[in-house]
Amino acid sequence: MHDDVARFDARASAWDASPHRRKLARDIAAAMEAAGLFRQPVASALDFGCGTGLLTLELAERCQSVTGLDTSPGMLAELSAKIERAGLPNVGVLEADLGAGAPVPGGYDLVASAMALHHIPDPAPALKRLLAAAAPGARFALADLDAEDGSFHDDPAGVHHNGFDRIDLADMLAGLGYTDINAADAATIVKPTKCCGDRPFGVFLMTARKP
């Protein structure tokens, strides 16, 4: 994972320059609202693989507190700068590698993730630790690419999955102990590809619950 972290550190300062990333965060937050995840007050949320905090800051508007978790110090530095500039007392950051077994404080009422799972070689251990970090009855909102042919990323370094089949991911979650699993369309990203010009790529939101 060290090379992957270094790649994200190098990209951190320019990460938010991509308009599709900014729009995607808004679309995912809207899909979470449509799924009813904010109908009840959310005391504490965790944004797993938060990067520069595009989704984290959307959650900060809807939750009493939110923690952005990432493996990249560079990405977290960008988020920390945003927090300081905006004076957001309800947002914190946490550097940890769940895939490598790093412990995470528990008790979160909502665990979200946007486009992080496809960067993890084996998502199952990280998903198991996220389940352990959630409070009983907590909700989950995992957004990622639908299975594609590898055209989405211009640079495949650090990309360990070309999206996910929704049924396969739901089966993985069920096997780990997640319940009430559902998937819905969250967004469509239209971007230029090396092979085929502009192409649409689907992003799903998979929701679940901890018993």
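**Buried positions, nonpolar cores and a helix pair**

Thr-193 counts as buried, at 11% relative accessibility, where buried means under 20% relative accessible area, exposed means over 50% and partly exposed lies in between, as computed with a 1.4 Å probe on protein chains only. The structure is a predicted model, in which local features need pLDDT of at least 70 and side-chain atom pairs count only at pLDDT 80 or more, whereas totals for chains, interfaces and linings use all residues. Residues are numbered from 1 along each chain as its sequence is written, and side-chain values use heavy atoms, with hydrogens and water left out.

Thr-193 is located in strand E6; helices (H or I, at least four residues) and strands (E, at least two) are DSSP runs, numbered from the N terminus. When residues up to four places away in sequence are not counted, Thr-193 touches Ser-151, Arg-199 and Phe-201, a contact being defined by heavy atoms within 4.5 Å. Between Thr-193 and Ser-151 there are 6.1 Å in space, C-alpha to C-alpha, although the two are 42 residues apart in sequence. Strand E6 also holds Asp-180, a residue that has a positive phi of about 50° although it is not a glycine.

A positive phi is likewise found at Met-115, where the value is about 60° and the residue is again not a glycine. Met-115 belongs to the loop between E4 and H5 and, with a relative accessibility of 13%, counts as buried. His-118 lies in the loop between E4 and H5 and is buried as well, at 1% relative accessibility. Not counting residues up to four places away in sequence, the contacts of His-118 are with Asp-144, Leu-145, His-153, Gly-158, Val-159, His-160, His-161 and Phe-164. For His-160, which is 42 residues from His-118 along the chain, the C-alpha atoms of the pair are separated by 5.7 Å.

Asp-144 and Leu-145 are also touched by Gly-202, together with Asp-146 and Ala-187, when residues up to four places away in sequence are not counted. Gly-202 has its place in strand E7 and counts as partly exposed at 27% relative accessibility.

The interior was examined next. In soluble globular proteins, nonpolar side chains tend to be buried together. A nonpolar core is taken here as a set of buried Ala, Val, Leu, Ile, Met, Phe, Trp, Tyr and Cys residues joined through side-chain atoms within 4.5 Å. The largest such core has 32 residues, of which Met-32, Leu-59, Leu-110, Val-203 and Leu-205 touch the most other members. At least two residues of this core are supplied by each of helix H2 (19–34), helix H3 (54–60), helix H4 (73–86), strand E4 (108–114), strand E5 (134–145), strand E6 (179–193) and strand E7 (197–209). The largest share, five residues, comes from H2. Leaving aside neighbours within four places in sequence, Met-32 is in contact with Leu-37, Phe-38, Leu-59, Leu-110, Ala-112, Ala-141 and Leu-205. Another core, of 29 residues, lies apart from the largest one and includes Ala-96, Val-111, Ala-126 and Ala-208.

Lys-82 is found in helix H4 and is buried, with a relative accessible area of 12%. Its contacts, leaving aside neighbours within four places in sequence, are with Asp-16, Thr-52, Leu-54 and Leu-57. Ala-6, by contrast, which is found in helix H1 (residues 2–11), counts as partly exposed at 37% relative accessibility.

Two packed helices are described by the angle between their axes and the distance between the axes. Helix H5 (residues 123–133) and helix H6 (residues 166–176) pack at an angle of about 50°, with their axes 10 Å apart; axes are lines fitted to C-alpha atoms, for helices over the stretch in contact, and angles run from 0 to 180 degrees between N-to-C directions. H5 is therefore oblique to H6, since angles under 35 degrees count as roughly parallel, over 145 as roughly antiparallel, 65 to 115 as roughly perpendicular and the rest as oblique. In this pair, Pro-123, Ala-124, Leu-127, Lys-128 and Leu-131 of H5 meet Leu-169, Met-172, Leu-173 and Leu-176 of H6. The contact of H5 with H6 comprises eight nonpolar, no polar and one charged residues, with Ala, Val, Leu, Ile, Met, Phe, Trp, Tyr, Cys and Pro classed as nonpolar, Asp, Glu, Lys and Arg as charged, and the others, Gly among them, as polar.
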